[in-house]
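Please read it alongside the sequence and the structure shown here.

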Amino acid sequence: MSKARQLADLGNQVDDGAITGSNMVINGAMTVAQRSSSVTGVTSNGYYTCDRFKIQVGNIGTYTVDQSTDAPNGFSNSWKISCTTADASPAAGDYLLLNHFIEGQDLQSLGFGTSGAKALTMSFWVKSNKAGNASFEVEQSDNSAKMVGFQYTINATDTWEYKTISIPADTAGVINNDNGKGFQINWWLNSGSTFTSGSHNSTWTAFSAGDTNPSNLGIGGSTSDYWQITGVCLNVGDSAIDFPHDESYGETLAKCKRYFERIGTPAGSSYQSFGVGHVHTNVTAVSVIPYEVEKRANPTASYDTASNFALLNAAGGAVACTGRSTSRISTYAVSITANASGLVVGNATFLLANNTAKPFIDIEAEL
């Protein structure tokens with residue numbers, strides 16, 4: 001590779017001797033966790049703690065997932081999984097892995113599918129009770145269903161270690177310029193033979209399940225097993241950049257809310273308001289709740305227990321809701337039909353927290 005190309009690929013600034021640039025990963029420092037800081041009894045796929053990071057669990061034990069405060073120097077949080085019920089002999093199709101997804105339109109600067117396609121570097125900090133080899137893999141499903149896979153090594157137990165992985169350019173695989181899944185980034189933690197039977201492919205090749213986890217770390221074989229990660233950074237170029245700490249918590253939170261937003265009432269005063277509504281019948285009212293950030297795509301809504309919500313009735317008092325459901329939803333707002341007694345048709349009302357309850361509305365548009 002020419003010196004000019006190296007400089008162009010780095011495309012980053014040299015600041016006080018450190019290489020800096022842009023990170024394509026959202027919430028790589030694991031600072032934002034809108035849903036929860038700790039979830040126990042995890043046996044299925046989901047976003048449990050740190051935003052934008054999804055665990056996939058397929059018949060391979062039970063886990064606790066935390067937004068941990070154990071982190072390497074320069075970081076305050078990490079994503080951590082701990083085994084609580086072990087599976088020492090996974091069946092062929094069992095799996096355990098961590099995902100991060102990136103929209104196709106956010107990857108257009110890579111020029112994949114052209115002669116000017118750019119290489120990437122992934123870097124992260126990792127810690128586990130298990131030393132050994134592990135699998136890291138990236139899938140690009142648009143048009144060609146391709147993948148690359150690599151082995152990284154945890155050299156010492158219970159120690160934060162920094163890893164970098166070079167990801168080659170792909171001059172053949174076009175990434176769609178849309179809001180769909182451009183990259184699926186996978187850290188494999190354990191699986192059965194369906195996923196371990198192949199080998200790592202360090203160039204972009206046709207997807208094969210057997211090539212996804214050839215270096216099986218085996219997290220979940222014992223209840224002493226844990227694995228944690230932070231400082232996740234994906235940048236253009238052949239070298240890793242320093243993790244960009246210049247993004248504020250508020251900026252990271254806003255990026256996360258494009259995919260998931262928990263609308264809730266703050267702690268403190270009772271009967272906190274979600275928004276204004278209009279009474280349609282003496283037992284139903286519709287309230288429109290706008291989001292703070294427009295969503296990636298038309299989302300779905302889920303709700304806390306109905307009785308934790310209330311509606312303002314004709315006498316000016318709050319009446320507990322007996323039901324709540326989505327009437328309309330878009331990328332920028334949700335209309336909620338709530339049920340309560342003592343309403344007057346045509347009146348304005350408020351959708352409230354019921355006294356000191358702190359109910360939530362979850363709006364999800366994840367990839």
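Asp158 counts as partly exposed because its relative accessibility is 44%, where buried means under 20% relative accessible area, exposed over 50% and partly exposed in between (1.4 Å probe, protein chains only). Asp158 is placed in the loop between β10 and β11 (161-167). Although Asp158 is not a glycine, its phi is positive, at about 55°.

Ala145 is another non-glycine residue with a positive phi, here of about 50°. Ala145 belongs to the loop between β9 (132-140) and β10 (146-154), and with a relative accessible area of 39% it is partly exposed.

## Basis of the model

The model is predicted: local features need pLDDT of at least 70, side-chain atom pairs count only at pLDDT 80 or more, and totals for chains, interfaces and linings use all residues. Residues are numbered from 1 along each chain as its sequence is written, and side-chain values use heavy atoms, with hydrogens and water left out.

## Overall architecture

The protein chain contains three helices and 24 strands; helices (H or I, at least four residues) and strands (E, at least two) are DSSP runs, numbered from the N terminus. Along the principal axes, the C-alpha atoms fill a box of roughly 75 × 50 × 40 Å. Of the 367 residues, 50% count as buried.

A contact means heavy atoms within 4.5 Å. Among contacts between residues at least 6 apart in sequence, 74% join residues at least 24 apart. The protein chain exposes about 15,000 Å², of which carbon and sulfur atoms supply 47%; this area comes from the Shrake-Rupley method with a 1.4 Å probe.

## Aromatic pairs

A pair of aromatic rings is described by the distance of the centres and the angle of the planes. Rings of Phe, Tyr and Trp (its six-membered ring) pair if their centres lie within 6.5 Å; planes under 30 degrees apart count as stacked, over 60 as edge-to-face and the rest as tilted. By this rule there are 14 aromatic pairs. One of them is formed by Phe75 and Phe243, whose ring centres are 5.2 Å apart and whose planes meet at 70°, so the pair is edge-to-face. Phe75 lies in the loop between β5 (62-68) and β6 (78-85) and Phe243 in the loop between β14 (226-236) and α3 (249-257), so the pair ties together parts 168 residues apart in sequence. Phe75 is buried, at 15% relative accessible area, and Phe243 is buried at 17%.

Phe124 and Trp187 also form an edge-to-face pair, because their ring centres lie 5.9 Å apart with the planes at 90°. This pair links distant parts of the chain, with Phe124 in strand β8 (residues 120-128) and Trp187 in strand β12 (residues 181-191), 63 residues apart. Phe124 is buried, with a relative accessible area of 0%, and Trp187 is buried with a relative accessibility of 0%. Ring pairs join Phe124 and Trp187 with Phe53, Phe136 and Tyr152 into a cluster.

## Charged side chains

The protein chain carries 21 positive and 31 negative side chains, and the centres of the two sets lie 4 Å apart. Lys and Arg count as positive and Asp and Glu as negative, while His and the chain ends are not counted; the place of a charge is taken as NZ of Lys, CZ of Arg, CG of Asp or CD of Glu.

Which residue lies over the face of Tyr259? Arg52 does, at 3.7 Å from the ring centre. Lys80 lies over the face of Tyr226, at 4.9 Å from the ring centre. A charge sits over a ring if NZ of Lys or CZ of Arg is within 6 Å of the ring centre and within 35 degrees of the ring normal.
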